[in-house]
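Please read these notes with the sequence and the model side by side.

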Amino acid sequence: MQSPYDIIIAPILSEKSYDQIAGKTYTFKVARGANKVEIRKAVEEIFGVTVASVHTVNKQGKMKRQGRTEGRTPATKKAYVKLTANSKGIELFDGIAQ
């Protein structure tokens, strides 16, 4: 079994993610093999919050070329985590979105 810190790789801080913080929806870069149940348990364990729902998005890597050689950047997976209405916010994001 993976540790929660292996599942949640990093927070995603973008304009879209800032707008969703008011609705208690937070965005994370997660391990590609992680499923929604594992992501929910990891967020609840790391941040001590109650998760209402998890939505995931698989993002395919972009095509890049260097001379004749073509390849792709690594594919990633994003998770949108919505907390319950009575749950406290995640302090990591609360300090940013003021």
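**Notes on the sheet and its surroundings**

1. Isoleucine 8 has valine 30, a residue of S2, standing opposite. S1 and strand S2 (residues 25-30) run antiparallel and are joined by three bridges. Two strands count as paired if DSSP finds at least two bridges between them. Strands (E, at least two residues) and helices (H or I, at least four) are DSSP runs, numbered from the N terminus.

2. This is a predicted model, in which local features need pLDDT of at least 70 and side-chain atom pairs count only at pLDDT 80 or more, while totals for chains, interfaces and linings use all residues. Residues are numbered from 1 along each chain as its sequence is written, and side-chain values use heavy atoms, without hydrogens and water.

3. Four strands form an open sheet in the order S1-S2-S6-S3, with antiparallel pairing. Strand S1 (8-11) and strand S3 (51-59) are the edge strands, each pairing on one side only. From one strand to the next, the twist averages 35°.

4. Helix H3 (residues 36-47) packs on this sheet and touches S1, S2, S3 and strand S6 (76-83); touching is contact, meaning heavy atoms within 4.5 Å. The direction of H3 makes about 120° with that of S3. Axes are lines fitted to C-alpha atoms, for helices over the stretch in contact, and angles run from 0 to 180 degrees between N-to-C directions.

5. The protein has four helices and six strands. From the N terminus on, the elements run α-β-α-β-α-β-β-β-β-α. Its C-alpha atoms fill a box of roughly 55 × 35 × 20 Å, taken along the principal axes.
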